[in-house]
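This report describes selected features of one protein chain. Look through the sequence and the structure before reading on.

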Amino acid sequence: MAKIVCVLYDDPVDGYPTSYARDDLPQPARYPDGQTLPSPKSIDFKPGALLGSVSGELGLRKYLESNGHQLVVTSSKDGADSVLDRELHDAEIVISQPFWPAYMTADRIAKAKNLKMIVTAGIGSDHTDLQAAMDRGITVAEVTYCNSNSVAEHVVMMTLALVRNYIPSYNWVIKGGWNIADCVARSYDLEAMNVGTVAAGRIGLRVLRLLKPFDVKLHYLDRHRLPEAVEQELNLTYHASLKSLTNVCDVVTLNCPLHPETEHMINEQTLKDFKRGAYLINTARGKLCDRDAIVNALENGQLAGYAGDVWFPQPAPNDHPWRTMPNHGMTPHISGTSLSAQTRYAAGTREILECYFDGLPIRDEYLVVQGGQLAGVGAHSYSKGNATGGSEEAVKFRKES
């Protein structure tokens with residue numbers, strides 16, 4: 001029997017839903033690169049249900065308990081005496097999400113003597129100390145591609161919201177106003193602007209494809225250059241440096257993984273290379289940006305707007321300055337956890353668990369670490385000896401109500 005500890009975000013404040021806005025849940029037949037959707041033997045949930053919160057349990061309880069395993073589900077993950085820390089000592093598998101990450105630091109991994117696998121129900125394993133996982137031979141896996149398009153759609157939505165000044169205009173309506181001049185004084189057309197992505201992987205490339213019909217000029221920076229056919233199809237301009245990209249772009253979107261090379265890549269110095277009045281969209285990871293440098297850039301006008309849904313730590317403290325800085329369009333970390341995406345990442349988590357317990361190979365595209373080495377998507381995104389180290393700092397925070 002295995003013990004599985006699953007860390008999920010809290011249920012809605014007014015209770016777990018008993019009904020939903022829609023009856024059906026359209027899904028793609030496969031992902032744009034041909035990768036198939038998650039394919040577990042079966043599922044024990046209804047697609048479209050809220051699966052990512054504590055009561056949703058990723059739809060795993062029936063499957064795990066019917067096979068003799070123990071499932072512990074909690075949202076308590078940080079601060080002294082968290083449920084995660086109390087349950088970790090004999091856990092064999094830890095599951096969490098990028099939206100509500102269980103920060104699996106070297107210290108926690110050392111305390112979890114029976115730990116064999118860490119799973120991200122979503123994409124991104126930067127909340128895990130990958131080097132510590134490699135050193136212990138712990139498998140790290142995530143459900144690659146399950147919410148890439150969900151995040152890309154969020155990037156496009158936030159880009160338009162900032163450029164067109166949507167949020168302040170909406171608020172004028174709520175306040176009973178009809179203040180057209182106030183609404184349009186910061187409103188522009190996206191058409192003809194230069195838009196660039198830092199990284200053109202699954203999410204970044206999807207953002208470029210979604211934005212092409214807007215007749216914008218598209219740019220990208222990536223350590224893996226795209227095939228020439230893709231560059232020609234999207235009329236892309238490749239940049240070998242962040243400075244080259246930000247010098248020319250009106251909108252910059254960050255879609256790269258967090259690791260030591262990218263942490264605080266947007267800071268006081270690099271922001272000076274941006275065009276004055278540029279917009280910055282970050283749905284990747286909060287620590288890609290220096291927190292206070294972003295606030296200063298918005299206050300002095302170097303940035304016209306900043307939007308995203310990633311913070312550090314998560315959940316963000318009530319006094320986090322990004323909650324109150326000017327001209328922002330921040331949301332909680334929700335871009336990759338639409339009900340559509342939840343169905344996919346819950347099914348993908350089930351598929352990973354089935355493979356693990358049946359002794360079958362886990363899909364290579366789901367693997368980050370295996371056998372003491374970076375593997376699969378992890379070998380593409382990280383470098384051995386320089387992989388993400390989780391976050392000792394974040395573990396100290398306790399969730400605020």
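Leaving aside its neighbours within four places in sequence, which residues is N165 in contact with? They are L160, D182, C183, R186 and S187. The model is a predicted one.

N165 sits in the loop that runs between α5 (148–163) and α6 (166–174). Its relative accessible area is 7%, under the 20% cut-off, so N165 counts as buried.

One of the residues in contact with N165 is C183. A polar atom of the N165 side chain lies 2.8 Å from the backbone oxygen of C183.

## Two domains

The protein is divided into domain 1, made of 3–144 + 337–396, and domain 2, made of 147–330. Domain 1 supplies 28 residues to the contact, and domain 2 supplies 16 residues. Taken over C-alpha atoms, the centres of the two domains are 28 Å apart.

The size of an interface is often given as the accessible area lost when the parts come together. For domain 1 and domain 2, about 1,800 Å² is buried between them, with 46% of it on carbon and sulfur atoms.

## Across the interface

Between domain 1 and domain 2 there is one salt bridge. Eight residue pairs are in polar contact across the interface of domain 1 and domain 2.

On the side of domain 1 that touches domain 2, α13 (339–358), α14 (376–381) and α15 (392–395) each supply at least two residues. The most come from α14, with three residues. By class, this side of domain 1 has 11 nonpolar, 11 polar and six charged residues.

Methods: Residues are numbered from 1 along each chain as its sequence is written. This is a predicted model: local features need pLDDT of at least 70, side-chain atom pairs count only at pLDDT 80 or more; totals for chains, interfaces and linings use all residues. Side-chain values use heavy atoms; hydrogens and water are left out. Helices (H or I, at least four residues) and strands (E, at least two) are DSSP runs, numbered from the N terminus. Buried means under 20% relative accessible area, exposed over 50%, partly exposed in between (1.4 Å probe, protein chains only). A polar contact is a pair of N or O atoms within 3.5 Å; within protein, one must be able to donate a hydrogen and the other to accept it, and residues adjacent in sequence count only if both atoms are side-chain atoms. Contact means heavy atoms within 4.5 Å. Domain bounds come from an automatic or database domain assignment. Buried area is the accessible area (1.4 Å probe) that two parts lose on being put together, summed over both. A salt bridge is a side-chain nitrogen of Lys or Arg within 4 Å of a carboxyl oxygen of Asp or Glu. Ala, Val, Leu, Ile, Met, Phe, Trp, Tyr, Cys and Pro count as nonpolar, Asp, Glu, Lys and Arg as charged, and the others, Gly among them, as polar.
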